[in-house]
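Please read the following note with the structure open beside it.

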Amino acid sequence: MKTGLFFGSFNPIHTGHLVIASYMAGFTGLKDVWLVVSPHNPLKNRTNLANMYDRLEMAKLATEDTDHIKVSDIEFGLPQPSYTVDTLAYLKEKYPEKEFVLIMGADNLSSFKKWKNYEVLLKNYEIYVYPRPGVDVSEWEAEPSITITETPQMDISSTFIRKAIKEGKNVRYFVPDKVLDFIESKGMYR
């Protein structure tokens with residue numbers, strides 16, 4: 001059975017992330033999904049990034065009642081910024097019995113050619129892509145290692161959540177209750 005790797009900043013984790021992970025674990029034949037909390041995505045600005053341990057804790061709180069979604073801090077001990085190809089090589093060495101599948105959004109696929117050694121990823125790994133509103137991935141449809149899934153779309157982002165919290169808006173139901181309690185207890189994103 002294959003394990004899906006869903007990389008992200010999870011800044012903060014939200015309902016959209018959980019729907020994607022649950023869909024991938026329940027509808028694509030994956031045994032489980034690991035949410036890999038990335039300390040720093042090299043293609044993203046670090047300015048608004050919450051502490052990586054807080055983001056890890058929020059991911060754990062959001063998934064503690066599931067048995068098919070796990071949280072991984074594997075990139076915390078690797079060189080920064082984290083490059084997916086390097087993390088996958090490390091995971092393959094650490095878990096030789098596992099077959100890993102990369103999970104990414106259509107928005108990431110549209111910039112995939114900017115990724116470090118993206119050709120190696122295409123050659124050595126299956127990639128399950130979830131759609132994003134308004135993102136065209138037709139150029140990749142013939143690629144044998146890429147599967148475009150029918151994951152339900154939710155136009156929700158961590159950026160939206162952070163902005164809403166900063167503006168004092170209610171984000172209940174956008175993030176799990178335990179995550180919201182954690183954010184409020186630490187005064188995050190204010």
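1. The model is predicted; local features need pLDDT of at least 70, side-chain atom pairs count only at pLDDT 80 or more, and totals for chains, interfaces and linings use all residues. Residues are numbered from 1 along each chain as its sequence is written, and side-chain values use heavy atoms, with hydrogens and water left out.

2. Strands pair if DSSP finds at least two bridges between them. With β4 (residues 99–105), β5 pairs in the parallel sense over five bridges; tyrosine 130 in β5 is the bridge partner of glycine 105. With β6 (residues 146–148), β5 also pairs in the parallel sense, over three bridges, and isoleucine 146 in β6 is the bridge partner of isoleucine 127.

3. Helix α6 spans residues 158–166, and its buried residues are Ser158, Ile161, Arg162, Ala164 and Ile165. Seen down the axis of α6, these fall within an arc of 165°, so they line one face of the helix; the arc is that of the directions from the helix axis to the C-beta atoms. Exposed Lys163 and Lys166 lie on the face of α6 turned away from the buried side.

4. Glycine 168 follows α6 and has a positive phi, near 75°.

Technical notes
Helices (H or I, at least four residues) and strands (E, at least two) are DSSP runs, numbered from the N terminus. Buried means under 20% relative accessible area, exposed over 50%, partly exposed in between (1.4 Å probe, protein chains only).
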